[in-house]
Amino acid sequence: MHPQVVWFKRDLRLHDHAPLLAAAAHGPVLPLYIVEPELWTQADRSFRHWQFIQSSLRDLQHALRSLGGVLQIERGEVIEVLRHFKKRIGPFELWSYEETGNAWTFARDRQVVSWCRTEGIRWHELPANGVVRRLRNRDGWAAARNAVMQAPCVPAPTQLRFLAFANEELANDRSSAALEEPIVGMASAGRVQAGGRREGLAVLESFLQSRSSRYMRTISKPGISARHCSRLSAHIAYGTLSVREIDQAAAARQALLADEPNPGSAEWARQLQAFRSRLAWRCHFVQKLEQQPAIEFRCMHPAFEGMRGSESRADFFDAWREGRTGYPLIDACMRSLQANGWITFRMRALLVSFASYHLWLDWRLTAPVLAQLFTDYEPGIHYSQFQMQSGVTGINAVRIYNPVKQSIEHDPEGKFIRRYLPELRDLPDELIHEPWKADSPPRDYPPPVVEHEAAARDARQKMAPYWRGKEFRDQAREVFRKLGSRNRPTETRRRAKARATTKAKAATVATTSASTQMSLGLDEAD
Ligand SMILES: Cc1cc2nc3c(=O)[nH]c(=O)nc-3n(C[C@H](O)[C@H](O)[C@H](O)COP(=O)(O)OP(=O)(O)OC[C@H]3O[C@@H](n4cnc5c(N)ncnc54)[C@H](O)[C@@H]3O)c2cc1C
């Protein structure tokens, strides 16, 4: 029986790990993680990501040790590492999950495929997280995804037959060194959420048992959402928990709550339904990148390709990135992200909307900045959301958020703003959202970098011509055919959506629902 090398990538767990179980049925297992130096030089990577991975690897190492084995951790390029193992252990089979990553990991995987072919090594790549590979369009995708979510989780092995090394001690030392050595050129910045499966399970438990009761009521509040959102995103991104196990645990809790007689429990069960919808969106967005890897670099709708590019202003970019645009909520969000590595969905959307419309910055310039700051960076969600919030998909409503209205609505007393902008601490509540209106504005806080209403109007005017014509509509249809959600709203959801849209209109400077897009009926959930 050949050795079975299990290559852990973004699936740092033993539970619900199909490649591990399948590999174990074929022969002695060598669990492997590879720290790839070139990956860590990519513009979308940061030390924050590595720190989360590092703590998750320590936890995985612990779990494998309790089964009597070791996670072999190596530093180097993948083919170089695999070649080294082939020399040491002879022919092997390779197992992993399919990865929907950035262009760099995609190119690396293609090289691994070709190397395996040349060397006569079988690489078994199994589907991950409800994503379907080689899908031509979106018809039938949701049913396929839901079937995966409803199938039983693959149990964690209770025993494993590990491949024995001639020199176990040396193998252990190599792993420890590869795990603990610093990554060249990367330094610590801000706080980082703790990784690892044990931590992930604790976070899931506290969310389902208590924190989720106020999920939807707090989801857009920049301060308290940190407590009431699940905070599972980084655990899902690096696979310490599987989406399926989270969905099934939430469904079980939801069913229990729905059976309880008091109305509060029924309401709580609905919060969990909203949470599970977001898990489905996650798969939906990652599927977009899987089907069209070019969305990391190119606008989904080709008409928008050159719309902003050459006009991006360096001074606006710096002000946005450094959290000194003069708009308190925008700046507090950016500084809180720098400090903590997480912020809630609405504030991510606001940061991008402000950069893309008010400051007219190209999303390709701003996306890597937030990718580095988000501990939970997930390319599939990230680029799809950046494009949506920048108005370049051609199939989503254009939302230009008003940074002052958002501030008043979601941080009415300015608590969040004061926490991250100490220079505004002494301003009274009525000025905290618009410090430039003070008789003597704080000297150490900048005036607004643009005037928001004029900037939003300008953006709308610049965008309008792009939304016209038959060619635009035909291309938008094609984007929708390939990447759009097939979720048809039911009557109740349609009504709820209509109410939400009216509310959103009131909260934004303008919801430019270009007539083309409305006539195509191509909106999808955000
Ligand atoms: C510009 C922009 C960039 C984003 N980049 C990322 C990213 O790199 N990684 C990432 O995980 N999320 C990203 N999101 C989506 C969302 O903001 C985060 O998933 C969420 O805030 C994570 O916190 P949570 O786990 O507490 O979420 P919860 O609200 O508890 O949601 C549970 C899970 O559902 C998924 N989810 C939630 N909201 C969305 C959404 N709108 N779209 C897709 N999936 C969703 C996530 O996996 C999340 O962990 C981005 C959103 C925007 C607007």
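My cut-offs are under 20% relative accessible area for buried, over 50% for exposed and partly exposed in between, with a 1.4 Å probe and protein chains only.

**Ground rules**

I am looking at a predicted model, in which local features need pLDDT of at least 70, side-chain atom pairs count only at pLDDT 80 or more, and totals for chains, interfaces and linings use all residues. I number residues from 1 along each chain as its sequence is written, and side-chain values use heavy atoms, with hydrogens and water left out.

**Entry: Trp-104**

I found Trp-104 in helix α4, residues 103–119. Helices (H or I, at least four residues) and strands (E, at least two) are DSSP runs, numbered from the N terminus. I then listed what Trp-104 contacts, leaving aside neighbours within four places in sequence: Glu-36, Glu-38, Leu-39, Gln-42 and Glu-77. Contact here means heavy atoms within 4.5 Å. With Leu-39, the C-alpha to C-alpha distance is 7.2 Å, although 65 residues separate the pair in sequence. The side chains of Trp-104 and Glu-38 also make a polar contact at 2.9 Å. For a polar contact I need a pair of N or O atoms within 3.5 Å; within protein, one must be able to donate a hydrogen and the other to accept it, and residues adjacent in sequence count only if both atoms are side-chain atoms.

**Entry: Arg-10**

Which residues does Arg-10 touch, not counting those up to four places away in sequence? I noted Glu-99, Thr-100, Gly-101, Ala-237, Tyr-238, Gly-239, Glu-378 and Pro-379. Arg-10 sits in the loop between β1 (4–8) and α1 (18–24). At 19% relative accessibility, Arg-10 counts as buried. Gly-239 is 229 residues away along the chain, yet its C-alpha is 5.3 Å from that of Arg-10. I checked the Arg-10 side chain against two backbone oxygens: Thr-100 is reached at 3.0 Å, and for Ala-237 the distance to a polar side-chain atom is 3.3 Å.

**Entry: the cores**

Next I looked up the nonpolar cores. Such a core is a set of buried Ala, Val, Leu, Ile, Met, Phe, Trp, Tyr and Cys residues joined through side-chain atoms within 4.5 Å. The largest has 58 residues, and Phe-304, Trp-320, Leu-370 and Met-463 have the most contacts inside it. Helix α15 (residues 345–358) gives the largest share of this core, eight residues. A second, separate core has 32 residues, including Trp-40, Leu-57, Leu-179 and Ile-183.

I followed up on Met-463. Beyond residues up to four places away in sequence, Met-463 touches Phe-304, Met-307, Arg-308, Tyr-357, Trp-360, Ser-390, Gly-391 and Val-398.

**Entry: helix α11**

At what angle do α5 and α11 pack? Helix α5 (residues 141–150) and α11 pack at about 75°, and their axes are 8 Å apart. The axes are lines fitted to C-alpha atoms, for helices over the stretch in contact, and angles run from 0 to 180 degrees between N-to-C directions. I wrote the pair down as roughly perpendicular. The scheme is under 35 degrees for roughly parallel, over 145 for roughly antiparallel, 65 to 115 for roughly perpendicular, and oblique for the rest.

On the α5 side I see Arg-145, Val-148, Met-149 and Gln-150, which meet Val-243, Arg-244, Asp-247 and Gln-248 in α11. By class that contact has three nonpolar, two polar and three charged residues. Ala, Val, Leu, Ile, Met, Phe, Trp, Tyr, Cys and Pro count as nonpolar, Asp, Glu, Lys and Arg as charged, and the others, Gly among them, as polar.

Gln-254 is in α11 too, a helix spanning residues 243–259. Gln-254 counts as buried at 13% relative accessibility. I found its side chain in a polar contact with that of Arg-276, at 2.9 Å. Outside four places in sequence, Gln-254 contacts Ala-269, Leu-272, Gln-273 and Arg-276.

**Entry: α7 and α12**

Helix α7 (residues 197–209) packs against helix α12 (residues 263–291) at about 140°, with axes 11 Å apart. That makes the two oblique. Here Phe-207, Leu-208 and Gln-209 of α7 meet Trp-268, Leu-272 and Phe-275 of α12.

**Entry: a loop with positive phi**

Neither is a glycine, but phi is positive, about 55° for Asn-129 and about 60° for Arg-134. Asn-129 is partly exposed at 28%, while Arg-134 is exposed at 74%.
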